[in-house]
Amino acid sequence: MLSEKIYVLRRKNGLSQEQLAEKIGVSRQAISKWEGGHSTPELDKLKALSDCFHVTIDELTGNPITSESDHMVRREEHQGLQKTGESRTGICLCFAGAALLILFGVLTVIRPSSVDQINESSMITLNGTGMLITLFVLLMILGMILIFKKR
């Protein structure tokens with residue numbers, strides 16, 4: 001309600017009714033009537049109040065903002081955050097895949113017998129080493145897809 005909003009904003013800004021009245025060029029009694037709900041300010045006084053409190057007239061009167069441009073801005077902000085999250089996930093997947101490939105390569109050089117153990121534990125025609133390499137490469141590809149998706 002406008003009367004409550006004027007009261008709350010005046011108190012929040014540390015102003016007395018007299019000080020607010022001086023700032024916007026009305027009497028203290030006018031402020032008292034507005035806050036009591038006995039009258040409402042005219043449009044030019046609403047503008048002065050909104051300037052004084054650094055709020056829009058819509059915020060002052062309690063009307064929700066429903067313009068199409070505001071909806072578009074909010075939608076773009078949401079999409080931007082979503083893209084940022086997907087990019088971060090993609091980067092993490094790429095790094096994980098690359099790190100696992102490097103770790104697997106180091107393990108192969110340090111302990112060649114471990115590659116044989118992996119191959120023996122696999123029941124699929126594609127040996128265990130091939131499956132691991134394929135999995136790591138797929139992680140990296142998935143990460144790249146998320147990074148470059150709809151840039």
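Ile133, Val137, Leu138, Ile141, Met144, Ile145 and Phe148 form a nonpolar patch on the surface, with about 620 Å² of accessible area together. Patches are made of residues with over 30% relative accessible area and no salt bridge; nonpolar side chains (Val, Leu, Ile, Met, Phe, Trp, Tyr) are joined within 5 Å, and like charges within 9 Å. Accessible areas come from the Shrake-Rupley method with a 1.4 Å probe, and for residues only the protein chains shown count as cover. Met144, one of the patch residues, sits in helix 8 (residues 128–148). Its relative accessibility is 39%, so Met144 counts as partly exposed.

This is a predicted model: local features need pLDDT of at least 70, side-chain atom pairs count only at pLDDT 80 or more, and totals for chains, interfaces and linings use all residues. Residues are numbered from 1 along each chain as its sequence is written, and side-chain values use heavy atoms, with hydrogens and water left out.

## Overall build

The chain has eight helices and zero strands. Read from the N terminus on, its elements run α-α-α-α-α-α-α-α. Helices (H or I, at least four residues) and strands (E, at least two) are DSSP runs, numbered from the N terminus.

Of the 151 residues in the chain, 26% are buried. Buried means under 20% relative accessible area, exposed over 50%, and partly exposed in between (1.4 Å probe, protein chains only). The accessible surface of the chain comes to about 10600 Å². Carbon and sulfur atoms hold 61% of that surface.

Contact means heavy atoms within 4.5 Å. Among contacts with a separation of 6 or more, 55% are between residues 24 or more positions apart.

## The nonpolar core

In soluble globular proteins, nonpolar side chains tend to be buried together. The largest nonpolar core here has 16 residues. Such a core is a set of buried Ala, Val, Leu, Ile, Met, Phe, Trp, Tyr and Cys residues joined through side-chain atoms within 4.5 Å. Leu20, Ile24, Trp34, Leu49 and Phe53 have the most contacts inside it. Helix 1, helix 2, helix 3 and helix 4 each give two or more residues to this core. Helix 4 gives the largest share, four residues.

Phe53 is in contact with Ile6, Leu9, Arg10, Asn13, Leu15, Leu20 and Leu60, leaving aside its neighbours within four places in sequence.

Ser50 also lies in helix 4. Ser50 is buried, with a relative accessible area of 4%. Not counting residues up to four places away in sequence, Ser50 touches Val55, Thr56, Ile57 and Leu60.

Which residues of helix 2 (residues 17–24) are buried? They are Gln17, Leu20, Ala21 and Ile24. These four cover an arc of only 100° around the axis, which puts them on the same side of helix 2. The arc is that of the directions from the helix axis to the C-beta atoms. An α-helix has 3.6 residues a turn, so residues three or four places apart point the same way.

The buried residues of helix 2 pack against helix 1, helix 3 and helix 4. On the other side of helix 2, Glu22 and Lys23 are exposed. Gly25 follows helix 2 and has a positive phi, near 80°.

## Salt bridges

Side chains of opposite charge can pair when their charged atoms come close. The structure holds two salt bridges. A salt bridge is a side-chain nitrogen of Lys or Arg within 4 Å of a carboxyl oxygen of Asp or Glu.

| Pair | Closest N to O |
|---|---|
| Arg10 and Glu35 | 2.4 Å |

Arg10 pairs with Glu35. Arg10 lies in helix 1 (residues 2–12) and Glu35 in helix 3 (residues 28–36), so the pair ties together parts that are 25 residues apart in sequence. Arg10 is buried at 7% relative accessibility. Glu35 is buried too, at 13%.

Lys47 and Asp51 both lie in helix 4 (residues 43–53). They are four residues apart, about one turn of the helix. Lys47 is partly exposed at 43% relative accessibility. Asp51 is partly exposed, at 43%.

## After helix 4

His54 lies in the loop between helix 4 and helix 5 (57–61). What is its phi? His54 has a positive phi of about 60°, although it is not a glycine. His54 is exposed, with a relative accessible area of 70%.
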